[in-house]
Amino acid sequence: TYQVVIETSAGQPETRPFAWRAIVGISMGGGAAQSIGLRHPDKFDMIANLGGEPGPSMVYTLSMVRDLLFGGFCT
């Protein structure tokens, strides 16, 4: 013998609110958007840097990710 337990609201329509937050920038604004987004990853679901770094310097972009996203701990 098996007993199945279900919630009383099973089968009822459910509405869920969704909120997606993104920060996007073009050219110099892309670097700023990346900087802000990496400093506050809890506030944004998506970060987009359109046409900004890593064009001139991939080293600069990777150091920004390292310092801002991963805490910037000293080696």
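This is a predicted model: local features need pLDDT of at least 70, side-chain atom pairs count only at pLDDT 80 or more; totals for chains, interfaces and linings use all residues.

Entry 1: I began with Ser35, which is found in helix α1. Is Ser35 buried or exposed? I found Ser35 buried, because its relative accessible area is 15% and the cut-off for buried is under 20%. Leaving out residues up to four places away in sequence, I saw Ser35 touch Met64 and Leu68.

**Entry 2: its neighbour.** Next I looked up Gln34, which is found in helix α1 too, a helix that covers residues 28-39. Gln34 is buried, with a relative accessible area of 9%. Which residues does Gln34 touch, not counting those up to four places away in sequence? My list reads Ile47, Asn49, Thr61, Met64 and Val65.

**Entry 3: the whole chain.** I then stepped back to look at the overall layout. I counted 2 helices and 2 strands in the protein, and along the sequence they follow the pattern β-α-β-α. The protein has 75 residues, of which 19% count as buried. I also checked how far contacts reach along the sequence. Among contacts with a separation of 6 or more, 48% come from residues 24 or more positions apart. The accessible surface comes to about 6,500 Å², and carbon and sulfur atoms hold 61% of that surface.

**Entry 4: the strands.** How many bridges join β1 to β2? I found 5 bridges, and the two strands run parallel. The chain gets from β1 to β2 by way of α1, and this β-α-β crossover is right-handed.

**Entry 5: a nonpolar patch.** On the surface I found a nonpolar patch formed by Val24, Ile26, Met46 and Leu50. Together these residues have about 390 Å² of accessible area. The elements that give two or more residues to the patch are β1 (22-26) and β2 (46-50). I took a second look at Val24, whose place is in strand β1. Val24 is partly exposed, with a relative accessible area of 44%.

Entry 6: Ser27 made me stop. It has a positive phi of about 60 degrees although it is not a glycine. Ser27 lies in the loop between β1 and α1. Ser27 counts as partly exposed, at 42% relative accessibility.

**Entry 7: the other loop.** My last stop was Asp45, in the loop between α1 and β2. At 44% relative accessibility, Asp45 counts as partly exposed. How far apart are Asp45 and Arg21 in space, C-alpha to C-alpha? I read 5.3 Å for a pair that is 24 residues apart in sequence. Setting aside residues up to four places away in sequence, Asp45 touches Ala19, Trp20 and Arg21.

Technical notes
Residues are numbered from 1 along each chain as its sequence is written. Side-chain values use heavy atoms; hydrogens and water are left out. Helices (H or I, at least four residues) and strands (E, at least two) are DSSP runs, numbered from the N terminus. Buried means under 20% relative accessible area, exposed over 50%, partly exposed in between (1.4 Å probe, protein chains only). Contact means heavy atoms within 4.5 Å. Patches are made of residues with over 30% relative accessible area and no salt bridge: like charges are joined within 9 Å, nonpolar side chains (Val, Leu, Ile, Met, Phe, Trp, Tyr) within 5 Å. Accessible areas come from the Shrake-Rupley method with a 1.4 Å probe; for residues, only the protein chains shown count as cover. A salt bridge is a side-chain nitrogen of Lys or Arg within 4 Å of a carboxyl oxygen of Asp or Glu. Two strands pair if DSSP finds at least two bridges between them. A crossover is right-handed if, with the strands pointing away from the viewer, the path from the first strand over the helix to the second runs clockwise.
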